[in-house]
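Please go through the structure below alongside these notes. They are written as numbered points, to be read in order.

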Amino acid sequence: MDSGKSDPFVTLKVGKEKRETKVCWKTLNPVWNEEFEIPCSADSDGAIPILKVIVADSDFGGIETSQFIGKATLDLEPLHCKEFQKFTKKLKDSKGFVFTNSSVTLCARWIYCSVQAKADEKNKSKVGGWFGSKADDSEAVFDDEGTDLNEAWEEKEESPEEKAAREAEEAANKDKEQAELEGVSIESGDYQIQVHIIEARHL
């Protein structure tokens, strides 16, 4: 600390994943307003790890040699999908005793990890070989009448009506999937926790 002021920053931990905010210089009431997306994996027993929020003072030689100020935790499993939930958590010292006035405020929610979902879908499409997807152009595949199925595939084009129907169906399926997210079982790699760290008070 410097003249009764801190240079605080926050470290967020979920399992082995870690994120850090910027440093707010010379203040006991820092405002970060930073947002992070953190991958979350269930452990071997299927339990969801908690979010650890650690507030530290960086002015003792920088972040690497920072001084611990306080900590808080947040149970992630009850959180909603899509909608942020706001929490103000009392900070505790290293022994677990709660500070009377010191607190940290944050918002959190589950979000669907579309990048992982696309990778999973791509892997599934490889299981059945070429069936259900386009075959390798370098290898001809013929039916019983000698027709090259690769060429038949290429010649088939969607009509505007077929394209519109397909896009409408995909949109409806996406909306249905999002509506079901709140009650879905969280599995490793499918979801991330989105955290908006807002501020701390009376450090």
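1. Basis of the note. This is a predicted model, in which local features need pLDDT of at least 70 and side-chain atom pairs count only at pLDDT 80 or more, while totals for chains, interfaces and linings use all residues. Residues are numbered from 1 along each chain as its sequence is written, and side-chain values use heavy atoms, with hydrogens and water left out.

2. Confidence. The pLDDT is the predictor's confidence in each residue, on a scale from 0 to 100. Its average over the chain is 76, and 64% of the residues score at least 70. Residues 123–139 fall below 50, and this stretch has 13 contacts in the model beyond near neighbours in sequence; a contact means heavy atoms within 4.5 Å. Where pLDDT is low, the predicted coordinates should not be read in detail.

3. Overall layout. The chain has three helices and eight strands. Helices (H or I, at least four residues) and strands (E, at least two) are DSSP runs, numbered from the N terminus. In sequence order the pattern is β-β-β-β-β-β-β-α-α-α-β. Among contacts between residues at least 6 apart in sequence, 58% join residues at least 24 apart.

4. Surface. The accessible surface of the chain is about 13,200 Å², and carbon and sulfur atoms account for 49% of it. Such areas come from the Shrake-Rupley method with a 1.4 Å probe; for residues, only the protein chains shown count as cover. Of the 203 residues, 31% count as buried. Buried means under 20% relative accessible area, exposed means over 50%, and partly exposed is in between (1.4 Å probe, protein chains only).

5. Strand pairing. Two strands pair if DSSP finds at least two bridges between them. Which strands does E8 pair with? E7 and E8 are antiparallel and share ten bridges, and E3 is also antiparallel to E8, with seven bridges. Arg 109 faces Gln 194 of E8, and Val 31 faces Glu 199 of E8.

6. Strand E8. Why is E8 described as largely enclosed by the rest of the structure? The reason is that nine of its eleven residues are buried.

7. Nonpolar core. A nonpolar core is a set of buried Ala, Val, Leu, Ile, Met, Phe, Trp, Tyr and Cys residues joined through side-chain atoms within 4.5 Å. The largest one has 29 residues, and those with the most contacts inside it are Leu 12, Leu 51, Val 53, Leu 76, Trp 110, Ile 193 and Ile 197. At least two core residues come from each of E1 (8–14), E3 (31–39), E4 (51–57), E5 (67–74), E7 and E8 (191–201). E8 gives the largest share, five residues.

8. Thr 105 belongs to strand E7 (residues 98–112) and is buried because its relative accessibility is 7%. Leaving out residues up to four places away in sequence, Thr 105 touches Lys 86, Phe 87, Thr 88, Ile 197, Ile 198 and Glu 199. Ser 102 is also in E7, and its 9% relative accessibility makes Ser 102 buried. With the same exclusion, Ser 102 touches residues including Lys 89, Lys 90, Arg 201 and His 202.

9. Backbone angles. Lys 26 is not a glycine, yet its phi is positive, at about 50 degrees. Lys 26 sits in the loop between E2 (17–20) and E3 and is partly exposed at 47% relative accessibility. His 202, in the segment after E8, is another non-glycine with a positive phi, about 60 degrees. In the hairpin of E6 and E7, with five residues between the strands, Gly 96 has a positive phi near 95 degrees.

10. Cysteines. How many disulfides does the structure hold? There are zero, counting a disulfide as a pair of cysteine sulfur atoms within 2.5 Å. Cys 40 is buried at 2% relative accessibility, and Cys 107 is buried at 13%.
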